[in-house]
Amino acid sequence: MKFNFKGISFSTWLYFLGFSLSIMLLLGFLLVVLIKPYYRNDRIRTIDVISDTIEGLLLKSDVTEKDIESVGRTIIGNNVCAIIYNENGKSIYYPPDSLGQLCMLDKQVTVGEQTYIINQDPLKFIEIIKHESPLSAIVNSQYTGAEMLLYGKLIRTNLVNYYLILNTPLEPVESYIDFIMNQYFYIAVIVILIALVLAVFLARRISQPIVKMKNEANKLAQGDYGVEFKTDSFSEINDLASTLDDATNKLSKVNDLRKDLVANVSHDIKTPLTMIKAYAEMIKDISGENPVKRNEHLDVIIKETEYLDKLATDMSELSKLQSGVIELNRDNFDLKECINKVVLLLSQAIHEKNVNLVLDLDDCVVYADETKISQVIYNFLSNALKYSDDDSTIIIREHADEEKVKVEVIDHGNGISEEALPYIWDRYYKVDKNFNRSVNSTGLGLAIAKAILEVHKARYGVASVLNEGSTFWFELSKDYDEQD
Ligand code: ADP
């Protein structure tokens, strides 16, 4: 398998490695730079604490063995050596220490201009403590060359004075630094290992759903609309997956629609063309000399041509509406009058079917495109006529309230099944695919009505019960233009 250096896995590894390495380097740097000053401060603080403890004891009247033991332990435990002299230079307390050869109390030390060996000539050293207390001097160890702190303090009690002298190294010993560095090395290795394991885990969590989505997208590109992008990963990836699923659904619908469209258009155009051709040939070969037959055949040709004309007009109207190139020609108009004009246009069909048309109309002025709204009412009413039996009742109701007006076209015809209802507004959708072809049935009427109502931002809908009838409705807001 080819290794992908630009892939998420490798990049995540690299970033995690870089991140943990830089953290460890920073930590190492701080350790190396800060360990010495930190150690120095700690020593100075320790010396202060020991000095205060011993001073407290000397000022106490009832010092117990236990107190003295505890001070001795603190001194040993903190790498300090100590001695207490009285006024006469006699050592009254010289506990064992852990510094051993490093302790400067019995070595030659230089403080200021003078050189001392403290425990050989304590009085000489006590002299400077008398003048400067507490005394803090930095001297160098003859053995290690490391800096040592020499501390002296005069402690006055009610009866006598004492001189406390403490000594401790100010630099950590090499072994101590080595120990810390060893620990640091182990910690660094552990941190980097944990970072790498986390990187592998994270890279998998991120890359696996993306790889899956890529494979699904490849299938989609091959025209397979049954793909599913859904993943259970980070929310951003889940969002992307559901967007892609959504887009796939829509693509699939568009694809179905396209297939439907091609099938319907070719069928709808082919059928009238076949009829026209057949009837023209009949006139040529058979009925040419028979005026009655010839007129009958010519009527069929005219009817089919009208259908083709209506189909072409509807198709162009719908595509203009859907592409948004159409500009609405809004104006104030009387909706009641508009409905009456549509009824007049369809009066012949109403009459032929002997339909009982009930008009229940309010006076109401709306601000909309009158021609387009007439077309919607025309489509609703002509469908009501088409899909109702002779002698049935159709009601057109138009009721207005303060803000809006609702128009309903109610028929008691075929009705529409629940399964078909969501699709009737799609173009070329016909519930009954074998319904007799007629000039008025292009399958585009409701799609055009829907497009018109949507450009008007109007609410619309249908309620229908199979074999009982349907109510097609829309609502227009009454925001008419005051200036008109
Ligand atoms: P058509 O030209 O076929 O009437 P439409 O777009 O106007 O096309 O309507 C789409 C389909 O919706 C129709 O084929 C019919 O099946 C159904 N339909 C529309 N109006 C009604 C109605 N009032 N009653 C029953 N079915 C209807």
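Predicted model: local features only at pLDDT ≥ 70, side-chain atom pairs only at ≥ 80, totals over all residues.
**Sheet with β13 and β14.** I began at Val465 and looked for its bridge partner, which turned out to be Gly469 in β14. The two strands involved, β13 and β14 (residues 469-477), run antiparallel and are joined by seven bridges. Residues are numbered from 1 along each chain as its sequence is written, and side-chain values use heavy atoms, with hydrogens and water left out.

Terms I'm using: helices (H or I, at least four residues) and strands (E, at least two) are DSSP runs, numbered from the N terminus. Two strands count as paired if DSSP finds at least two bridges between them.

I then traced the whole sheet: it is open, has five strands in the order β9-β11-β12-β14-β13, and its pairing is mixed. At the edges I find β9 (356-361) and β13 (459-465), each with a single partner strand, so one side of each has no neighbour in the sheet. From one strand to the next, the twist averages 10°. Helix α9 (residues 370-386) packs on this sheet and touches β9, β11 (393-400), β12 (404-410) and β14; contact means heavy atoms within 4.5 Å. The direction of α9 makes about 170° with that of β14. For such angles, axes are lines fitted to C-alpha atoms (for helices over the stretch in contact), and the values run from 0 to 180 degrees between N-to-C directions.

Next I checked which way the side chains point along β5 (residues 135-140). My cut-offs: buried is under 20% relative accessible area, exposed over 50%, partly exposed in between (1.4 Å probe, protein chains only).

β5 pairs with β6 (residues 147-156) in the antiparallel sense over six bridges, and Ala137 stands opposite Leu150. The two strands make a hairpin with six residues between them, and Gly145 in the turn has a positive phi of about 75°.

**Cysteines.** I took a disulfide as a pair of cysteine sulfur atoms within 2.5 Å, and by that rule the count is one. It joins Cys81 to Cys103, S to S 2.1 Å. The S-S torsion is about 85°, so this disulfide is right-handed. Cys81 is in β1 (residues 81-86) and Cys103 in the loop between β2 (91-93) and β3 (108-111), 22 residues apart. Both are buried.

Cys338 is buried at a relative accessible area of 1%, and Cys364 is buried at 4%.

I ran along α1 (residues 8-59): 52 residues, reaching 71 Å from first C-alpha to last, close to the expected 76 Å. The expected span is 1.5 Å times one less than the number of residues. α1 bends by about 45° at Leu34, and Pro37 follows within four residues; the bend is the angle between axes fitted to the seven residues ending at a residue and the seven starting there.

Ile206 lies in α4 (residues 174-221) and is partly exposed, at 22%. Beyond its neighbours within four places in sequence, Ile206 touches Ile8, Phe234 and Ile237. The C-alpha atoms of Ile206 and Ile8 are 7.6 Å apart, with 198 residues separating them along the chain.

Asn354, at about 55°, is in the loop between α8 (347-353) and β9. Lys457, at about 55°, is in the loop between α10 (445-455) and β13. Is Lys457 buried or exposed? Lys457 is exposed, with a relative accessible area of 77%.
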